[in-house]
Amino acid sequence: AISCGCLTTRLVRMQLRVCAKTTMLLALASASMAMRVPNARLGLARRPALLSRAARVSVAAAPRVRLMADVVVADLAPVPEEPMTKFEKFSELFSNLFPLWTILSAGTALKAPQSLAWFSTGYFTAALAMLMLSMGITLTIDDFKRVLSQPKPVGLGFILCYGMMPLLALGIAKLLALPPSMTAGLVLIGCINGGQASNLCTYIARGDVALSVIMTTSTTIGVLGMTPLLCKWLLGTMVPVDAAGIAVSTMQVVLAPIAVGMTFNKFFPKLVKKILPLCPIVGVVATCLLVGSSVAQVAGPILNAGIPLQIAAMLLHTIGGLASYLIYKATNASERVARTAAIETSMKSSAFGFLLAKLHFGDYLVRVPCAVSVVWMAVIGSSLAVAFRLTDGPKKASS
């Protein structure tokens, strides 16, 4: 960016110097024309005065053009970034270690599930709301207007969520020869909506958080119709979904916290700027608690799942994310949009899938892929976020 700025500065300076020289040449040309005016029309006495005036014009114009060049060059010169504070550096480091915190949280839940027994449903909902609030204060109404004015990325993300991912899950299950119950659980993961943790990972990856929120909301609404239809088509099982419950939950843990955060950002921008480095820390801690709590509830099935299922879950989230990134880049999407789509497609709401498997599938083993997916979804999603962030170098995070 700095090299491009310097190149632009040089080009503008050259152009303005040419303008200055052109101004002087035009003035001298006017003087030369005056010298060639017939004596009958211009007396000899007036010719020196005209020459003197042309010279004064050229001399007076040159400094003004040079001054204009200096002003434009000063405006185009790259503005050095403010040095990061110690807390901002800590926030950067803490966010970059997101995959490590996720693995430690899942490992603790597997080894000592009782350690997270206190994290009940009420705390779970509160942690989700806190996660979305920490993202909401980084957004403005203009961010959502910008995203809604270009619906193509949202529509493509919806197609990948409910088109590519279910078929990818089925293909991986067939390739690894998983038993029918495991196949059903993996396909169920492919048929559900994106998870709220994707919004945090998008923020860490310096993607488009507003786009991520809208994509998550659209797939969450879409789950009302798409998940039952896809399960019926691919698995032969009609999975009923509580539409009213999902609508209320979406309002509580997604839309309302984001609206509060945006309001806070609008009326208290100076305070928000000061606490902005705290947002990723709050989001990472909330996500780790959510992952740990989900894993602790099904620690046994995860430990007994076997290597093939672990590989299947890892491939589903990894291939889904990378394929989405490449597809968006092939459509000439910006880097921010492609990153957002990759994370959004990769990070499914695995905990919701576990709930559906528990309620609507008689075979207990259908739940196991969903439980395994909880871990891999968080690990792959956070790893993608940090990998994208590190490719940018040490910059300040932006939504």
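This is a predicted model: local features need pLDDT of at least 70, side-chain atom pairs count only at pLDDT 80 or more; totals for chains, interfaces and linings use all residues.
Residues are numbered from 1 along each chain as its sequence is written, and side-chain values use heavy atoms, with hydrogens and water left out.

The protein has 18 helices and zero strands, where helices (H or I, at least four residues) and strands (E, at least two) are DSSP runs numbered from the N terminus. Of its 399 residues, 47% count as buried; buried denotes a relative accessible area under 20%, exposed over 50%, and partly exposed in between, computed with a 1.4 Å probe on protein chains only. Among the contacts in the protein with a separation of 6 or more, 84% are accounted for by residues 24 or more positions apart, contact being defined as heavy atoms within 4.5 Å.

Two packed helices are described by the angle between their axes and the distance between the axes. Here the axes are lines fitted to C-alpha atoms, for helices over the stretch in contact, and the angles run from 0 to 180 degrees between N-to-C directions. The axes of helix α4 (residues 98-111) and helix α18 (residues 367-391) come within 8 Å and cross at roughly 165 degrees. This angle makes α4 roughly antiparallel to α18, given that angles under 35 degrees count as roughly parallel, over 145 as roughly antiparallel, 65 to 115 as roughly perpendicular and the rest as oblique. The crossing of α4 past α18 is left-handed, a term used if the near helix is turned anticlockwise from the far one by less than a right angle, with right-handed used if clockwise. On the α4 side the contact is made by Phe98, Pro99, Thr102, Ile103 and Ala106, and on the α18 side by Val375, Ala378, Val379, Ser382, Ser383 and Val386. By class, this contact of α4 with α18 has eight nonpolar, three polar and no charged residues, with Ala, Val, Leu, Ile, Met, Phe, Trp, Tyr, Cys and Pro counted as nonpolar, Asp, Glu, Lys and Arg as charged, and the others, Gly among them, as polar.

Val372 lies in helix α18 and counts as buried at 1% relative accessibility. Leaving aside neighbours within four places in sequence, Val372 is in contact with Ile302, Ala305, Leu309, Gln310 and Ala313; Val372 and Ile302 are 70 residues apart in sequence, with their C-alpha atoms 5.6 Å apart in space. Asn96, in helix α3 (residues 86-96), is likewise buried, with a relative accessible area of 19%. Residues up to four places away in sequence not being counted, Asn96 touches Val386, Arg389 and Leu390.

α9 passes α13 in a left-handed crossing. Ala197, Leu200, Tyr203 and Ile204 of α9 make this contact with Pro280, Gly283, Val284 and Thr287 of α13, and by class the contact has six nonpolar, two polar and no charged residues. Ser293, which also lies in helix α13, counts as buried at 3% relative accessibility and touches Leu116, Phe119 and Phe124, not counting residues up to four places away in sequence.

With a disulfide defined as a pair of cysteine sulfur atoms within 2.5 Å, the count comes to zero disulfides. The sulfur of Cys191 is 4.6 Å from the closest cysteine sulfur, in Cys231, which is too far for a bond; Cys191 is buried, with a relative accessible area of 0%. Cys201 is in no disulfide, the nearest cysteine sulfur, that of Cys288, being 9.9 Å away, and Cys201 counts as buried at 0% relative accessibility.

Backbone geometry was examined for residues with a positive phi. Most residues other than glycine have a negative phi. Ala177, although not a glycine, has a positive phi of about 55 degrees; Ala177 is found in the loop between α7 (152-175) and α8 (180-190) and counts as exposed at 63% relative accessibility. For Asn332, phi is positive and near 65 degrees; Asn332 is found in the loop between α15 (307-330) and α16 (335-346) and, at 72% relative accessibility, counts as exposed.
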